[in-house]
Amino acid sequence: MFFSLKIALASLRAHKLRAVLAMLGVFLGTLALMGVQHVSQSMVRKAELEVEKLGPGLFIARSGQVRFRRGGEIGVSPGARNFTLADARALMAGVPSVLAGAPFVEQTISLRSGNRKVPAQLVATLPAYTGVRSISPDIGRFFTEREVEERAMVVVLGRAIAERLFGSPQAAVGRQVLYFRAGLRVIGVMEPKGRDLGGTDQDEQVFMPLSTYLRRAANQDWISGVYLQLAQGADVELATQSAATILRQRHSLGPGQADDFSLLTARETMRLQQQALDLVQTLGLISSSVSFAVGGLGILSIMVLLVRQRRVEIGIRRALGARRRDIIRQFLFEAGLMSALGGAAGVVAALALVTVVYRLGDFPYIYDPALVLGSLAGSGLLGLAAGSYPARQAAAIEILDVLRG
């Protein structure tokens, strides 16, 4: 074995450029396979953690049709402006197993404090929002039912917004921010939450009483939708059917007309996101398969050239007593080593790359030992398969032909 390894390394050193080009395809295939699969597994795990955090009872009814953008983020097409508070109340009263509900309006706004101006995602809602969405203030408090009734000019900031406007969350409470020319008193800063299932950064959100926004800020009657909390063990299918029936009747939609609303649960959102990730995984598998095939052909061509160039070496070894199976074993070993080195380099590069992605994207750190071992074993087997034909060619060389030459 040591002698075979020594010969194989000498051969690689003698043909460095050819060896690198042959290993490049295996390297890229392993990199693509490892990278895509690890990142996809991490994104799925992050979605599962978000579902656990939100609770399986979250049910969302909102205006417009939900679509998934590249990367799994949720986009909402412009919906009819006929989703009202009355619709939300009808859902809260008519959908089975509803424990609580929080109507909401989402809008992109700008807030200002002194010379600092930042964009933010406004969520105008009711105090029940904190229970339905499993979120609470870290500093200060959320607004109360009385403040909703009084249309109070108060606001609760997401942590990132508080830091950008005031330098620290502690400095924000009690201060004032300007929304257009209206002053809003900061009464709380939310706990850090990161991105939700739809890709929205919850630390970039600000919260305002729904009545304040509808009557004093925007003067509108329509809302974006309602979050409902279902009881544990509730029949989600029945809830979805009931909600669809209620909204279609209230919006006067006929049998042939498409819904002007979307109904989602946290589990359903994760399933739709998984469908988007499945496409990414499939494309990753295709690209890695193509790279592996190119790598295998590269190793095959290099080994065929090496057989032709090493006819004298093969003939002398045969003349000194080497058997055909020894020659076959030598060339299979060299092809497997070349492919395994490319695969190992791809694994190392992929693990380094996904670690950077995990850190930048705030994803769970997931490393799959089975995938690592499978990639290493697969690259080695690819080399053995690619080297089998050249190895048989080398073993078929006749001693007398070489000596005559």
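The structure is a predicted model, where local features need pLDDT of at least 70, side-chain atom pairs count only at pLDDT 80 or more, and totals for chains, interfaces and linings use all residues. Residues are numbered from 1 along each chain as its sequence is written, and side-chain values use heavy atoms, with hydrogens and water left out.

The largest nonpolar core has 45 residues; a core here is a set of buried (under 20% relative accessible area, 1.4 Å probe, protein chains only) Ala, Val, Leu, Ile, Met, Phe, Trp, Tyr and Cys residues joined through side-chain atoms within 4.5 Å. L91, V95, L111, L157 and V206 touch the most other members. Helix α8 (residues 236-250) gives this core its largest share, 5 residues; helices are DSSP runs of H or I, at least four residues, and strands runs of E, at least two, numbered from the N terminus. Another core, of 21 residues, lies apart from it, and V26, F331, A386 and A394 are among its members.

As for V206, its contacts (heavy atoms within 4.5 Å), leaving aside neighbours within four places in sequence, include I109, L111, V155 and I161.

S134 has a positive phi of about 55° and sits in the loop between α4 (129-132) and β6 (137-140). N219 also has a positive phi of about 55°, this time in the loop between α7 (210-217) and β11 (225-230). With a relative accessible area of 60%, N219 counts as exposed, the cut-off being over 50%.
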